[in-house]
Amino acid sequence: MTTQSPAETTPAPSGSVSGPSRFAQKLLTSAQTGRGSLIWVRHGTLAIAAIIVLVIGLSSSSSLRYGLIYSTVYAILILGNNAVQVTLGEINLGSVAFIAFGAYSVMMLANAGVPSGLAVLLGIVLTAIVGFLLAIPTSRLTGLATALVTFALSYSLRDLAIYLSPITGGEAGVFVKGKLEVFGLSGAGADPAMLIITVIAMVIAGVGHIWLLHRRPGRVALTVGEARHAATVFGTPSMWVKLGVWTWSAALGGLAGGIYAYSVGFISATAWTIMFAIFVFVGGLIGGTRSAVGAWVGGILVGGMPIWLQKFVPPTAATLVFGLILVVAILAGGKGIAQFAERYGVRLFLKIRGKR
Amino acid sequence: MELLQTTLFLGVILGLIYALVGAGFVVIYRTSGYLSFAQGDIATVGLYVGLFAYKAGLPYWWTALLVIVVCALLAGVIGRFVVIPLERFGVLSAVLATIGVALIIQGTEALTLSTGSQAFPSAGTDILFSIGQVGISTANLISVGVCILLFIFLGIFFTSTKIGMAMRAANDNPVAANHVGLSSTNLKTLSWVIAGVLAGVTGLFVAPIYSLYPGSVNLLLVYGFATIVLGGFESIAGALIAGIALGVLGNLVAAYLNPNLVTFAVYVIVLLVLLFRPNGLLGRRPLVRV
């Protein structure tokens, strides 16, 4: 499972172990836990991933570029979903609610004439507030109960959006006016500028994810997730920490929703299905829940692959691959591609270093 | 008044089907301690096999039997060879494995079958008699009768038979169960087979109403989850009462408020019950020896 035991998050004992092997231990522990010494390597791989996505996206057809934008939107949402999963150890199947709320907020603000950058910013804030309010009851639940409640929330979303069709446009949907103008760039749909904006947003979200996980907020949240009662005994306000994690998750959902609104350009209730939420969850598991690059890998698999493969197989057939990868990921310990790559990368590095 | 009468009556019929979905979850939960998200997709596989056989000329009742057998076998195989072995990674991993299996089945169906809706035969559309404004068809009557019989069977099975009690013991105290010679793997596999039978029967009632397409039976998953949350994760009687309550409540919301608010009402019910009665309205709080 993705929840790590306290033993895994505790640094390896140094004791009598001398220099090089202590260094090796630190690296291996970091690769194992997704935290610790490899923080700068993680920043570096995130930067490399961003460059690769930009190079491929800017030098390719608009359909491939659109797939990459869409995948990156998924990746931002996955990052938010992973925050709940990796720190609190809960199965959140309700991420679609956050992206939907973010997308609708931005659509309404943009269509009312609010400047696009401000609309996205307000969208993030509003979604974070909604996430906070939803988290007040949800964060009191644990385990299967969280999964069932968030499943029911995602399931009801499409019908709710149809019910609120005077505001949301229902199944017929509403177009989003204008282009997203931030960082001196202006883009929409599959524009190259839209890809650059989306990648910058992902990098900011990824750096935030890495920072939060490696620093005090992450440590506190992990403690609450792994031993809530112990954390409370030591003075940690567990409920506020949980609310904070859910709010952060919702804020990233709002960001993903804002970019979704401008990249897709059309928001319809038919988009908000339970499968959307399940794909986000599966993408996180496949990529690796503790890794920002892993979220991107997961996003490309669950967001981009169905678009790129639809010429050959129905988009829904991609679920076969996701299902197989999910079962294999659980068999491999549920830590995902990124952590798998980190572990073997560290071992390879140590082997080469040892030979020298 | 007529609207209320019709709403209540149809709500009870629908509620019995929700109860059946919930009972499928309860059977696995009682033995293994988790829920299966693959129930709806297991039913769909059985229904597709049944539909092919029916189109090839197999009579309806043999088709129904074939659907149930295929669902039972498939569920048994999935439980025995995929999900139960993955329990060693924890209960949540087992739940995730059921999501994985559901995705594999949906993807395979999308790849190999038509993704469009197909009409599925029912047990009979003739109106036998009317209660108020509601005409009762052969299919309605059979679904009510079969649901009641299945609930009586499950109630007796889990409370009065040795194997039923052994299945509960396998989850309550797996170590003690193993010490007295019970094979928890076999008992869990049996629970999957029974859940498969229930999935097949549910599919036979649902497919003629919603027609058949990949994932069509999944429409009822959320109602099944709500049923067991409301009735208690381990209570067969709770599933029956909660299913009927949910069916009636859903129909009242659809009739008097808006049909698009039904699923949101289900979400609110699930949330409130889990917050204030986490063991369900009829479930019992587990006793822990201290």
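Helices (H or I, at least four residues) and strands (E, at least two) are DSSP runs, numbered from the N terminus. The views below show a predicted model, in which local features need pLDDT of at least 70, side-chain atom pairs count only at pLDDT 80 or more, and totals for chains, interfaces and linings use all residues. Residues are numbered from 1 along each chain as its sequence is written, while chains are lettered from A and ligands numbered from 1 in the order in which they are written.

**View 1. The fold of chain B.** Chain B has 11 helices and two strands, which follow one another along the sequence in the pattern α-α-α-α-β-β-α-α-α-α-α-α-α. The radius of gyration of chain B, taken over C-alpha atoms, is 19 Å, close to the 19 Å that the globule rule (2.2 Å times the number of residues to the power 0.38) gives for 290 residues, so chain B is as compact as a globular protein of that length.

**View 2. The packing of helices H5 and H10 in chain B.** Helix H5 (residues 138-160) of chain B packs against helix H10 (residues 236-256) of chain B at an angle of about 155°, with their axes 9 Å apart; here axes are lines fitted to C-alpha atoms over the stretch in contact, and angles run from 0 to 180 degrees between N-to-C directions. H5(B) and H10(B) are therefore roughly antiparallel to each other, a word kept for angles over 145 degrees, whereas those under 35 count as roughly parallel, 65 to 115 as roughly perpendicular and the rest as oblique. B:Phe151, B:Leu154, B:Gly155 and B:Phe158 in H5(B) meet B:Ile236, B:Ala237 and B:Leu240 in H10(B), where a contact requires C-beta atoms, placed from the backbone, to lie within 7 Å.

**View 3. The contact between chains A and B.** Chain B gives 38 residues to this contact and chain A gives 35 residues. On the side of chain B that touches chain A, the largest share, 15 residues, comes from H4(B). Leaving aside its neighbours within four places in sequence, A:Ala152 is in contact with B:Val222, B:Phe225, B:Ala226, B:Val266, B:Tyr267 and B:Val270.

**View 4. A residue of helix H12 in chain A.** A:Val264 is found in helix H12 (residues 238-264) of chain A. With 20 C-beta neighbours inside 10 Å, A:Val264 counts as buried (20 or more other C-beta atoms within 10 Å of its own; 12 or fewer means exposed, and in between means partly exposed). The C-alpha atoms of A:Val264 and A:Ala190 are separated by 8.5 Å, although these residues stand 74 residues apart along the chain.

Methods
Two residues are in contact if their C-beta atoms, placed from the backbone, lie within 7 Å.
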